[in-house]
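Here is a walk through one protein model, from its sheet to its helices. Keep the sequence and the 3D view side by side as you read.

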Amino acid sequence: MADFMKMLQQAQELQGRLQKVEQELAQQTVKASSGGGMVTVEANALGVVQSIKIDPAAVVPGDVEMLEDLLLVAVTEAQKKADQAKQDEMGKLTGNLP
């Protein structure tokens, strides 16, 4: 029974550390851009987009498709960076277990 209690305590400690890591990830910022900086996306390390900046030169009347592509590339890259940051932090916590 003592082993079970010890495992339960360890699980609770791990849960507390996970919550702390999530809070830290929410505060960590990643940035990505496309079109040579014409579109910049900022997100937290949980992948939540926090801001999008668009250079006025990227707004070409009649070419909405280009702007959509630039936005998609920048958002996708920001999400990739957020995922990597999250994996790095979780790896520290779990000892890089799969």
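Two strands count as paired if DSSP finds at least two bridges between them. With that in hand, look at the hairpin of β2 and β3. Four residues lie between its strands, and G47 there takes a positive phi near 95 degrees. The model is a predicted one.

Stay with the strands. Which order do they take in the sheet? The order is β1-β2-β3, in an open sheet of three strands with antiparallel pairing. β1 and β3 are the edge strands, and each of them pairs on one side only. Neighbouring strands are turned by 15 degrees against each other on average, with direction ignored. Strands of a sheet pair through backbone hydrogen bonds, either parallel or antiparallel.

Now take the pairs in turn. β1 and β2 run antiparallel and are joined by six bridges. Within this pair, A32 stands opposite V41 in β2. S33 stands opposite T40 of β2. The hairpin of β1 and β2 has four residues between the strands, and here G35 takes a positive phi near 65 degrees.

How many bridges join β2 to β3? There are five, and these two strands also run antiparallel. V39 has I54 in β3 as its bridge partner. For T40, the bridge partner in β3 is K53.

Turn to helix α2, residues 64–94. At 1.5 Å a residue, its 31 residues should span 45 Å, and the end C-alpha atoms are 44 Å apart, so the two values agree. The expected span is 1.5 Å times one less than the number of residues. Just after α2, G95 takes a positive phi of about 70 degrees.

Where does α2 lie relative to the sheet? The helix lies across β1, β2 and β3, and runs at about 150 degrees to β1. Its buried residues are L67, L70, A74, A78, A82, A85, E89, M90, G91 and L93. These buried residues pack against α1 (2–27), β1 (29–34), β2 (39–44) and β3 (49–54). An α-helix has 3.6 residues a turn, so residues three or four places apart point the same way. Follow that idea along the list of buried positions, which includes L70, A74, A78 and A82.

S34 is found in strand β1. Is S34 buried or exposed? At 6% relative accessibility, S34 counts as buried, because the cut-off for buried is under 20%. S34 touches V39, L70, V73 and A74, leaving aside residues up to four places away in sequence.

Q79 gives a contrast. This residue also belongs to α2. At 37% relative accessibility, Q79 counts as partly exposed. Q79 and S34 are 45 residues apart along the chain, and their C-alpha atoms are separated by 13 Å.

α1 and α2 pack at an angle of about 155 degrees, with their axes 11 Å apart. That makes α1 roughly antiparallel to α2, because angles over 145 degrees count as such. The crossing of the two helices is right-handed. Which residues make the contact? From α1 come L14, R17, L18, V21, E24 and L25, and from α2 come A85, K86, E89, M90 and L93.

M7, by comparison, is 83 residues from M90 in sequence and 20 Å from M90 in space, C-alpha to C-alpha.

Technical notes. Residues are numbered from 1 along each chain as its sequence is written. This is a predicted model: local features need pLDDT of at least 70, side-chain atom pairs count only at pLDDT 80 or more; totals for chains, interfaces and linings use all residues. Side-chain values use heavy atoms; hydrogens and water are left out. Buried means under 20% relative accessible area, exposed over 50%, partly exposed in between (1.4 Å probe, protein chains only). Contact means heavy atoms within 4.5 Å. Axes are lines fitted to C-alpha atoms, for helices over the stretch in contact, and angles run from 0 to 180 degrees between N-to-C directions. Angles under 35 degrees count as roughly parallel, over 145 as roughly antiparallel, 65 to 115 as roughly perpendicular and the rest as oblique. A crossing is left-handed if the near helix is turned anticlockwise from the far one by less than a right angle, and right-handed if clockwise.
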